[in-house]
Amino acid sequence: MDGQPTAGVVEQIRDIPIYRASIERGHFPVLEKPEIADGFPGNWMTPALEKALEAGEAEFVLSTGTNHARMQIIRPPYFLLNSYYRLWSEHPDISGTWEQGCRRVSLTTVLATEHVARVNAKKRGAEPSPVPDLDDRRLDERTLYLNLRLDPALWTREDVERMLGEIETARREHPEGRYHLDCSGYHLAHLVHKAREWGLWEAFPRPDSIIHAYEYTPANVRRYLHEHFDCPVIDLFGSTELGYLYYSDRHGRYRPYLDKMSVELIPVAPGSTLYSLIVSSVRNPYMPLIRYRSGDCARTLDGTPDPTKISSFCGREKELLAAPDGPVAQGDLDERISAAAPGIFLHQLRVEDGGTTARLLYTTFDGDPLGQAQGAALERGVRELTGLPCALEHREHIPIGKSGKYAWLARDL
């Protein structure tokens with residue numbers, strides 16, 4: 001696949017200023033994020049888009065930045081939510097909970113909760129409450145947001161009891177007592193861990209399906225969730241600007257979900273089997289993205305650039321670590337950790353001393369540091385992967401980032 005758009009796609013984007021030069025040349029280069037921002041929104045403005053903005057059929061929003069700058073985009077209202085709902089309704093393992101009208105309880109970043117509270121306050125012509133109540137955290141008739149604190153590691157017993165009670169409220173709203181749990185994998189693992197620690201596990205209403213869709217979920221965290229929930233645990237991969245592109249089945253195998261989309265995989269470096277995702281999409285009619293570098297990395301089952309064979313989405317390009325054997329992604333380090341030390345919960349690799357040494361900070365599910373043999377094996381694995389001598393450092397707490405997401409890599413610059 002050379003990635004060039006079809007004649008039908010070119011016809012759909014003909015009036016958009018950012019694409020005029022490419023149409024005239026007959027060739028579309030890879031579209032980078034800075035080009036999207038340069039001259040925004042004029043570089044996207046068409047008469048049809050102006051009318052859509054005036055009518056409220058299109059809106060300006062910011063992408064959900066993890067540890068990088070957020071990007072302004074234009075999209076239909078509830079674009080990502082509708083993409084989620086459609087995928088949930090069609091997913092072969094969990095469509096039943098959609099069809100049965102199960103409530104969606106969402107446990108993710110506090111920023112997401114605050115966004116919902118702002119939207120609801122705006123509808124009432126009011127200011128959002130510093131501590132939004134249950135009704136202020138209802139996105140629509142199906143979705144309720146739970147989290148009111150930035151760092152889930154700092155949830156108190158009162159926080160956990162409140163969230164479990166609100167989950168139970170949502171469960172009781174269904175005639176058969178069923179519900180769907182939407183989450184960041186980290187946040188759900190924290191809730192499970194704290195409920196067990198404080199003798200509240202029996203009060204945790206068991207979901208009928210689970211989706212984690214907000215950030216990379218490490219293998220140890222996925223394993224922990226599978227151990228504690230007897231229902232399908234599904235991963236969705238996507239972004240604010242694109243919607244969802246892939247989903248996992250209950251066994252963790254990824255399937256494309258490329259409605260009005262196509263994907264190319266381009267090596268992040270010559271000869272590498274780590275690939276950048278280049279996406280062409282007209283799913284968002286107001287800001288179609290052609291050969292857009294999403295900033296995400298993936299690996300495939302056989303190392304080839306076949307987008308139907310993606311085996312893992314393994315982090316962000318901006319967070320790649322240069323190493324002797326080629327760039328290292330978040331998923332590469334995670335693979336070493338899960339193989340050597342399945343008891344590790346959170347981790348962060350800190351590159352120090354001008355990029356010559358590394359420390360791996362980690363927490364564990366049981367709170368205990370790794371044993372000597374296990375720790376030595378992990379240090380060797382990290383050194384082999386990164387080319388850096390590495391020391392392990394057990395921590396009781398690794399703080400979450402300002403975005404409400406964890407950073408796997410920290411550099412001492």
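The model is predicted, so local features need pLDDT of at least 70 and side-chain atom pairs count only at pLDDT 80 or more, while totals for chains, interfaces and linings use all residues. Residues are numbered from 1 along each chain as its sequence is written, and side-chain values use heavy atoms, with hydrogens and water left out.

Let me begin with the nonpolar cores. A nonpolar core here is a set of buried Ala, Val, Leu, Ile, Met, Phe, Trp, Tyr and Cys residues joined through side-chain atoms within 4.5 Å. Buried means under 20% relative accessible area, exposed over 50%, and partly exposed in between, with a 1.4 Å probe and protein chains only. The largest core has 39 residues, and Tyr19, Trp44 and Leu289 touch the most other members. Among the elements that each supply at least two residues of this core are α1 (7-13), α4 (47-55) and β13 (310-316). Strand β12 gives the most, with four residues. Helices (H or I, at least four residues) and strands (E, at least two) are DSSP runs, numbered from the N terminus.

What does tryptophan 44 touch, not counting residues up to four places away in sequence? Its partners include Ile16, Tyr19, Leu31, Ile74 and Leu289, where contact means heavy atoms within 4.5 Å. A second, separate core of 36 residues includes Met163, Ala170, Tyr179 and Ile398.

Two of those residues, Met163 and Ala170, are among the buried residues of helix α8, as are Asp159, Glu166 and Glu168. The buried residues of α8 pack against β3 (103-107), β4 (143-145), β5 (179-183) and α9 (185-197). The expected span of a helix is 1.5 Å times one less than its number of residues. For the 16 residues of α8 (157-172) this gives 22 Å, and the end C-alpha atoms are 22 Å apart, which agrees.

In helix α10 (219-228), Ala219, Asn220, Val221, Tyr224, Leu225 and His228 are buried. Their cover includes α9, α11 (330-340) and β14.

I turn now to the second largest pocket. On a 1 Å grid over the protein atoms alone, a pocket is an open set of points with protein on both sides within 12 Å along at least five of seven lines, whereas a cavity is a set where a 1.4 Å probe fits but cannot get out; lining residues have an atom within 4 Å of a point. This pocket has a volume of about 320 Å³, the volume being the space filled by probe spheres set on the points, which are joined across faces, edges and corners. Of its 19 lining residues, His190, His193, Phe345, Thr364 and Glu396 lie nearest its centre. Helix α9 gives the most to the lining, with four residues.

Finally, the backbone. The peptide bond from phenylalanine 40 to proline 41 is cis, with omega near 0°, and proline 41 is in the loop between α3 (33-37) and α4. Arginine 291, in strand β12, has a positive phi of about 55° although it is not a glycine. Is arginine 291 buried or exposed? Arginine 291 is buried, with a relative accessible area of 8%. Aspartate 353, in the loop between β14 and β15, also has a positive phi, near 55°. Proline 270, by contrast, counts as exposed, at 88% relative accessibility.
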